[in-house]
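Student: I have a structure open and would like to learn how to read a few of its features. Could you walk me through them?

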Amino acid sequence: MGKVKTHKASAKRFSVTGTGKVKMNHAERRHKLGKKDQKRKRHLRTATYVEGKMADNIRRLIQK
């Protein structure tokens, strides 16, 4: 049986905290920032957590 490999694209986008939560950054923060107001950009700066079944899937992909 071969090794279980990490899904590298997911590993670059998500991380698992010490308590087991899956952390991710918000999207839409790369370009066209002039038309987004300051409050929206400020809230996009903060990280958020993935919930539910999607978090389980991501944990399986990145082997954590």
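Student: Which residues make up the largest nonpolar core?

Tutor: A word on the source: this is a predicted model, where local features need pLDDT of at least 70, side-chain atom pairs count only at pLDDT 80 or more, and totals for chains, interfaces and linings use all residues. Residues are numbered from 1 along each chain as its sequence is written, and side-chain values use heavy atoms, with hydrogens and water left out. In soluble globular proteins, nonpolar side chains tend to be buried together. A nonpolar core is a set of buried Ala, Val, Leu, Ile, Met, Phe, Trp, Tyr and Cys residues joined through side-chain atoms within 4.5 Å; buried means under 20% relative accessible area, exposed over 50%, partly exposed in between (1.4 Å probe, protein chains only). Here the largest one has 6 residues: Phe 14, Val 22, Val 50, Ala 55, Ile 58 and Ile 62. Helix H3 gives the most, with 3 residues; helices (H or I, at least four residues) and strands (E, at least two) are DSSP runs, numbered from the N terminus.

Student: How many salt bridges does the structure hold?

Tutor: Side chains of opposite charge can pair when their charged atoms come close. A salt bridge is a side-chain nitrogen of Lys or Arg within 4 Å of a carboxyl oxygen of Asp or Glu, and the structure holds 2. One joins Arg 59 and Asp 56 at 3.0 Å, N to O.

Student: Where do Arg 59 and Asp 56 sit?

Tutor: Both are in helix H3 (residues 53-62), 3 residues apart, so about one helical turn separates them. Arg 59 is partly exposed at 24% relative accessibility.
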